[in-house]
Amino acid sequence: MAINDNSTTASAEIEIIDITNSVEVVNPKAVDQNNRLTWLEWFFHHHKDKLRWVHLAMFGLFLVLLFLPLFLADPGEQATPLDNFTVFSNYLMWGLWFPLVFLSVIFTGRSWCGLLCPMGAASEWANKRGLRRRIPAIIRWEGMPIVSFIIITFLGQTVGVRDHPEALAEVFGGVMLMAIIVGFIWGNKNRAWCRHMCPIGLMLGLFSRLGVVQFTSKKPKAGGDKYAENSFCPTMIDLRQKRESRHCIECFRCVNPEAKSSVMVKLRAPGKEVEEIKTHNPGAAEVWFFLLGTGSALGGFLWLTLPEYEMMRQSLGEWFISNEMYWVGESGPWWLMSVHPERREVFNWLDFFSIVGFMAIVTLVFTVVLSAINAITTYLAQLFGSADNFKQSFKELAYQYMPVAMVSLLIGLGGKLFEWLTILGLDNSALISIKIALFSFSIIWSLWLGWKILARQQLKARARIVPCITGLLGSLFVGFCWWPAIFGL
Amino acid sequence: MKIKLLTFAALLLTTLNVNAAGQTQEQGFVKYGMEFKGMYIQPVIMSEMAGMDHAAMGHEMPMNMDDMDHAIPEGADIHLELRVEVTEDNPYSFKAGAWMPYLKVDYRIEKVGTKWFTSGSLMPMIANDGPHYGNNVKLNGVGKYSIKYRVTAPDLMLHMDKETAPSAWFKPFMVSWDLTYLGIGKKGGY
């Protein structure tokens, strides 16, 4: 059978790609067992077989939330989540799911991905029944999550994924379908989708580095993180050399409290991994993802907020009209842009180009400015005697912006979560105070991370002060970009 | 029809030009103690007619759209408005910044470079940013339009005696405005 042929050739040709450039020696006898969550290991180890029912339930829930609203009449102007299913579904996705999943990586790591996500589970389910082809280089390319994140972020805006049930069904249903197709074709008993292509997987993975949960081998091996396509791990982590948490989806399959090797679950101080990023596989692709990803998310927020967007659309449109290019007034296909005249929203090609163009400009400006600030910080670190070369130092220092970027994203795009606080009797000014407090905290945290990262680059305390000031400037720049979300325009 | 056009032609002679691109005129036109500002937004949901909403207004929600048999503007492209604010030195003893009520506002929209036009009148209505004259209007695709508002004096009784009659009570005049319409766009976008 063709299926068997494929799987045998796949396992015969396994190659292990070393994606690490920092080497660290770990003494296996000195593995620290402090803060180990043995009870959690027991719980998941003993209930492993029940996880499939959780996945099935989540799959069903997602199908209902995504597709039922398509068969219902449009909600009225005053409908609330409590009396209309479409509004309820929208609220669940954008008011709860999005901000909570995003926030959860701090407290529980990528637990969403391994324990709850129906897309990843469906992908793996299909993989068991699929062709099991070897994962091609294009999918393994480290820039792939950047591409998929940017496509989804831009498409989400042009189809109005936060406003229209059709767009929600298209974007999430499309991701679900892609996950199943990718799982069906590529990978051998694993989740190529989750590791390489999921649009939000790397975003969650990146910020899970700040989180307090650490999955770590009981018998660690030196050498640093490795990509292992034949690994037992569904996201192809070489478990004994695992140091970074970004690819771990917390499926608990490698966890067995009774086994002597295997993986244990530990608590750690928040931000610890980023403080020690030098030995936790910092990656150029990840830094690119961080800059471009948070930049495009910012673009998705700002085009709806800044009056400059309307000015740009107007002048661009007038240019088209004066050149008699009236086709910009035509609407494109439904899957590319929002065409809902009955809801008083119609995008034409002008809207499409304006949104994509504006978001692209924001993404580029954000990336260029923050990179420039980080380059200055790196230059200063070099000047004051950093032990790393420029490129390595630049990569490491970029990670200091994670807290401020995460909090800004949460406030900017998960703002609905804060509305819950009004139940406690808080008014708008109290909410703004809470946001400012959170934001200030994230700035201080970023500053602290910068300080620690510089310390690992062998800079003495006094030598760290100047590069920390430019680091602070970078954090303030991130905050400035999200200003309308945090303080209002 | 012919007479109507002739009236318009006659009125064109007294047309006062206010040029501004975009959705709102940046500078209003001041005349007879009032400032006029043309603007348009996306089509809005309006009540069927004035006076029908008093019951709805009595509810705890000041404008409970669901309780009314409201009309989604069928095929409308814009909500055309004329904002009229009384200026400081107005001769009617209105408070400065007040809305001038009871005006009769008609409009005529021509698509530049074509023979297409549409006309109608704006009704007094109130939104969350105050009262204005407005109506939903169907245009003819993206392009340049020239809008002319004909403003007729308030339909009010007048004091006619020399002692108490308001000065500078006005004859109908026109305010014009050129705009480039580019499609409905994002709901709530402008």
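A:Ala228 touches A:Met236, A:Ile237 and A:Asp238, not counting residues up to four places away in sequence; here contact means heavy atoms within 4.5 Å. This is a predicted model, in which local features need pLDDT of at least 70, side-chain atom pairs count only at pLDDT 80 or more, and totals for chains, interfaces and linings use all residues. Residues are numbered from 1 along each chain as its sequence is written, chains are lettered from A and ligands numbered from 1 in the order in which they are written, and side-chain values use heavy atoms, with hydrogens and water left out.

- A:Ala228 belongs to strand 3 of chain A; helices (H or I, at least four residues) and strands (E, at least two) are DSSP runs, numbered from the N terminus.
- With a relative accessibility of 5%, A:Ala228 counts as buried; buried means under 20% relative accessible area, exposed over 50%, and partly exposed in between (1.4 Å probe, protein chains only).
- A:Leu239 is eleven residues from A:Ala228 along the chain, and the C-alpha atoms of the two are separated by 8.8 Å.

**Chain A as a whole**

- Chain A contains 20 helices and six strands.
- Of its 489 residues, 55% count as buried.
- Among the contacts in chain A with a separation of 6 or more, 79% are between residues 24 or more positions apart.
- Chain A exposes about 21500 Å², and carbon and sulfur atoms supply 68% of this area; accessible areas come from the Shrake-Rupley method with a 1.4 Å probe, and for residues only the protein chains shown count as cover.

**The loop between strand 3 and strand 4 of chain A**

- A:His247 lies in the loop between strand 3 (227-228) and strand 4 (263-267) of chain A.
- A:His247 is buried, its relative accessible area being 10%.
- The side chains of A:His247 and A:Arg195 make a polar contact (3.4 Å); a polar contact is a pair of N or O atoms within 3.5 Å, where within protein one must be able to donate a hydrogen and the other to accept it, and residues adjacent in sequence count only if both atoms are side-chain atoms.
- Apart from neighbours within four places in sequence, A:His247 is in contact with A:Arg110, A:Arg195, A:Thr235 and A:Ile237.
- A:Ser262 is found in the loop between strand 3 and strand 4 of chain A, and is buried with a relative accessible area of 18%.
- The phi angle of A:Ser262 is near 60°, a positive value in a residue other than glycine.

**Helices of chain A**

- Eight of the eight residues of helix 11 (residues 201-208) are buried, so this helix of chain A is largely enclosed by the rest of the structure.
- The buried residues of helix 11 of chain A include A:Leu202, A:Met203 and A:Phe207.
- These buried residues pack against helix 4 (85-108), helix 5 (111-116), helix 8 (144-159), helix 13 (284-302) and helix 17 of chain A.
- A:Ser408 lies in helix 17 (residues 402-413) of chain A and counts as buried, at 0% relative accessibility.
- Leaving aside neighbours within four places in sequence, A:Ser408 is in contact with A:Phe439, A:Val478 and A:Trp482.
- A:Gln458, in the loop between helix 18 (428-456) and helix 19 (461-481) of chain A, counts as exposed at 57% relative accessibility.
- For A:Gln458, phi is near 65°, a positive value in a residue other than glycine.

**Aromatic rings and charges**

- Over all chains, the structure holds 36 aromatic pairs; rings of Phe, Tyr and Trp (its six-membered ring) pair if their centres lie within 6.5 Å, and planes under 30 degrees apart count as stacked, over 60 as edge-to-face and the rest as tilted.
- One aromatic cluster has among its members A:Phe62, A:Trp94, A:Trp97 and A:Phe207.
- The charged end of B:Arg108 sits over the ring of B:Phe117, 4.0 Å from its centre; this requires NZ of Lys or CZ of Arg within 6 Å of the ring centre and within 35 degrees of the ring normal.
- B:Lys31 lies over the face of B:Tyr32, at 4.9 Å from the ring centre.

**Chain B**

- Chain B has two helices and nine strands, which follow the pattern α-β-β-β-α-β-β-β-β-β-β along the sequence.
- Buried residues make up 45% of the 190 residues in chain B.
- Strand 8 (residues 143-152) and strand 9 of chain B run antiparallel and are joined by nine bridges; two strands pair if DSSP finds at least two bridges between them.
- B:Tyr145 stands opposite B:Leu179 in strand 9 of chain B.
- Eight of the nine residues of strand 9 (residues 173-181) of chain B are buried, so this strand is largely enclosed by the rest of the structure.
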